[in-house]
Amino acid sequence: MEMFGENGRDSVWTVMANVMDPESLNRAFNGCVGVFHTSSLIDPGGISGYTKHMAILEARAAEQVVEACVRTESVRKCVFTSSLLACVWRQSYPHHRRRFPTIIDESCWSDESFCRDNKLWFALGKTMAEKAAWRAARGRDLKLVTICPALVTGPGFRRRNSTPSIAYLKGAHAMLAEDLLATADVERVAEAHVRVYEAMTGGGAAGGRYICYDHVVRRGEEFAELQRQLGLPTGVSAVSRPGYSDDGDGRFALCNGKLARLVSSRRRCTYDVYYPASYD
């Protein structure tokens, strides 16, 4: 509301909707050209952060949202917020010395069976939800793009969102060992959504998936500081490393080049308040 200023207040408003209620979603979307689906289920108890049942619900909600977009005549574009966790969890490869690490990019998907076997429910939910969204949009009159952010951080965001952070960090030691634990500032994630949406509108340059992160956590000290900043209790990250080695030699490399290229090719945002973003 502040971004649009006093003159724009009349054109920005809040609408309540139930993601499990198709009619509720249709009413909310009516008259809109684009939809940003950024919601996520959280543990109301604030303890485990996420459960297997919640993963199933998230996939259903994603399907409902995309179906509502398709049914709403005015909607033509949807930007769907997924997660980097939908890309990184797979069965371990045979460990041998390679000259170059394996690249993790938008073509990579987390293995659902692996996530179930290791109780990585948040990763499972994000993977199932994104796949459900793509299935629902396939062959329909809707342009869908998904953004896969790393662990979202930022001033004022961290402590208010510790529950999903706990859920994201299950398996963090394995990600840290393999150079797959990354963070993304909330302002940069928001900017990525805007830039992708603009590219969808301007000639349809944007398409598919986009990995979004701005920092890879590589040292234990960095991880300890991240926990402190997030206000997480000690021991939250003390989970097993399913199927991964413990030699500290990262065998993977994250790649956000697709998003970086899109951002560098787009015009600068012209809103009253602009948050600059840089990408690796």
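This is a predicted model: local features need pLDDT of at least 70, side-chain atom pairs count only at pLDDT 80 or more; totals for chains, interfaces and linings use all residues.
E58 and K126 form a salt bridge in which the closest N and O atoms are 3.0 Å apart, and because E58 lies in helix α3 (residues 52–71) while K126 lies in helix α6, the pair ties together parts that are 68 residues apart in sequence. Both partners are buried, E58 at 7% relative accessibility and K126 at 6%.

**Salt bridges**

- The count of salt bridges in this model comes to 13, among them the pair of E58 and K126 described above.
- R195 and E191 form a salt bridge with the closest N and O atoms 2.8 Å apart; the two residues are 4 apart in helix α9, which means that about one helical turn separates them, and both R195 and E191 are buried.
- R219 and E221 also meet through their side chains, at 2.8 Å from N to O, but here R219 is partly exposed, with a relative accessible area of 45%, and E221 is exposed, with 54%.
- E112, R116 and K131 are linked with one another in a network of salt bridges.

**The sheet and the helices that pack on it**

- An open sheet is formed by 3 strands in the order β5-β6-β8, with mixed pairing; β5 (151–153) and β8 (215–216) stand at the edges with a single partner strand each, so one side of each has no neighbour in the sheet.
- β6 (residues 182–185) pairs with β8 in the antiparallel sense over 2 bridges, and the bridge partner of A182 in β8 is V216.
- Helix α9 (residues 186–201) packs on the sheet, where it touches β5 and β6, and its direction makes about 75° with that of β6.
- Helix α10 (residues 220–230) lies across β5, β6 and β8 and runs at about 60° to β5.

**Nonpolar cores**

- The largest nonpolar core has 57 residues, and those with the most contacts inside it are L84, V88, W89, Y168, M175, V196 and L254.

**Cysteines**

- The disulfide count comes to 0; C78, for instance, is in no disulfide, and the nearest cysteine sulfur, that of C69, is 4.2 Å away, while C78 itself is buried at 0% relative accessibility.
- For C87, the closest cysteine sulfur is that of C148, at 4.1 Å, which is too far for a bond, and C87 is likewise buried, with a relative accessible area of 0%.

**Individual residues to look at**

- K119, in the loop between α5 (112–117) and α6 (121–137), has a positive phi near 55° although it is a residue other than glycine, and K119 is partly exposed, with a relative accessible area of 47%.
- D179, in the loop between α8 (172–177) and β6, likewise has a positive phi, of about 60°, without being a glycine, but D179 is buried, with a relative accessible area of 18%.
- S24 belongs to helix α2 (residues 22–29) and is buried, with a relative accessible area of 8%; when its neighbours within four places in sequence are left aside, S24 is in contact with M16, A17 and N18.

Key: Residues are numbered from 1 along each chain as its sequence is written. Side-chain values use heavy atoms; hydrogens and water are left out. Two strands pair if DSSP finds at least two bridges between them. Contact means heavy atoms within 4.5 Å. Axes are lines fitted to C-alpha atoms, for helices over the stretch in contact, and angles run from 0 to 180 degrees between N-to-C directions. A disulfide is a pair of cysteine sulfur atoms within 2.5 Å. Buried means under 20% relative accessible area, exposed over 50%, partly exposed in between (1.4 Å probe, protein chains only). A nonpolar core is a set of buried Ala, Val, Leu, Ile, Met, Phe, Trp, Tyr and Cys residues joined through side-chain atoms within 4.5 Å. A salt bridge is a side-chain nitrogen of Lys or Arg within 4 Å of a carboxyl oxygen of Asp or Glu.
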